[in-house]
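Reader: Could you show me how to read a structure like this one? I would like to go through it step by step.

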Amino acid sequence: MKSIRIGTRNSALALWQAREVARHLQNNNYLTEIVPIVSSGDKNLNQPLYSLGITGVFTRDLDIALLNDEIDIAVHSLKDVPTLLPENVELIAYLERDFPQDVLIRKEASRTKEFHELKLATSSLRRRAFWLRNYPHAEFSDIRGNIQTRLQKLEDQDFDATILSLAGIKRMKMDIDYEMLPLMIPAASQGVIAVAGHSDKKEINEILSKVANHKPTQICVEIERNFLSTLEGGCTAPIGAFAEFFGDQIRFKAALCSLDGKNCIATDENFEYNESENFGEKFAKIVLENGGKELMAEIKSSY
């Protein structure tokens, strides 16, 4: 077989993720070539994500490259991937999840401030809503860009702290202080690298599913993404969803919050997994029946 062309965004973190997929292939004696592609989401760093109007802002350009046969597979941070994929694009492998958590990073001058005093920089509706749920008088600034850009803005601009995914910090081996945030439920599939393929390239898809897929991670993120898609939440609504295995049981924690954090509908379930039941859909329907339907309509009418 000729070299497998791996499409990726061209940020440092995205390239690290692509190399991780390449490593799985190379360890099984497959040749690889990494093909960086600039995404629309990376080109526009001024508007907050929720104002761009589309959920696939970081994946669209890779989808197009995949469909145009410019690449054989595309590597994504799964939390950026819409639950509804373009025709002929499918998820074929999920690498083992490493760090799903959100963490708080402060500037030096704000080390002694209490959480409720912090002015936070984040463009994530989920992070804002979950923070407001606990600290209703918090102030926010929008912030975009890769990890390095955000950390520079933290030093240069007028806010106290920002919230980042721990996965990015760990993968980049960054030596910075951070604080864990138990009040945050991660975005669905946060901390997971996923591989998308063209449905016609069955041989390549089969290779990836065999050498790179981690089945327990796949089970958990499919529950989270089914929960998200049943709520019709896209990637930008204030929804957290996280599933993990404990022995033969799965614990699933999730919440849908209003934009101001005042109204949150949460679920926390332990259950034995079986393939025949769509647990994400099941728990999302319970949330919808308990006021989630009205809350989702309210959120959608706000942006």
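**Reading the chain step by step**

Author: The secondary structure of this chain comes to nine helices and 13 strands. Helices (H or I, at least four residues) and strands (E, at least two) are DSSP runs, numbered from the N terminus. This is a predicted model, where local features need pLDDT of at least 70, side-chain atom pairs count only at pLDDT 80 or more, and totals for chains, interfaces and linings use all residues. Residues are numbered from 1 along each chain as its sequence is written, and side-chain values use heavy atoms, with hydrogens and water left out.

Reader: What radius of gyration would a compact globule with 303 residues have, and what does the chain have?

Author: The radius of gyration is taken over C-alpha atoms, and the globule rule is 2.2 Å times the number of residues to the power 0.38. For 303 residues the rule gives a value near 19 Å, and the chain agrees because it has 19 Å. Along the principal axes, its C-alpha atoms fill a box of roughly 60 × 45 × 40 Å.

Reader: Thanks! How many of the 303 residues are buried, as a percentage?

Author: Buried means under 20% relative accessible area, exposed over 50%, and partly exposed in between (1.4 Å probe, protein chains only). Here, buried residues make up 51% of the 303.

Reader: Which residues of helix H5 are buried?

Author: Start with the general idea: an α-helix has 3.6 residues a turn, so residues three or four places apart point the same way. In H5, which spans residues 147–156, Ile147, Leu151 and Leu154 are buried. They lie on the same side of H5, because they cover an arc of only 55° around the axis. That arc is the one of the directions from the helix axis to the C-beta atoms. The cover over the buried residues of H5 includes helix H1 (12–26), strand E5 (102–106), strand E8 (161–165) and helix H6 (166–171).

Reader: Where is Leu62, and what does Leu62 touch?

Author: Contact means heavy atoms within 4.5 Å. Leu62 sits in helix H3 (residues 60–67) and is buried, with a relative accessible area of 2%. Not counting residues up to four places away in sequence, Leu62 touches several residues, among them Gly7, Ile37 and His76. From Leu62 to Ile37 is 25 residues in sequence and 7.0 Å in space, C-alpha to C-alpha.

Reader: Is Arg97 buried or exposed?

Author: Arg97 counts as buried, at 15% relative accessibility. Its place is in the loop between strand E4 (89–94) and E5. Leaving aside neighbours within four places in sequence, the contacts of Arg97 include Gln190, Glu224 and Phe242.
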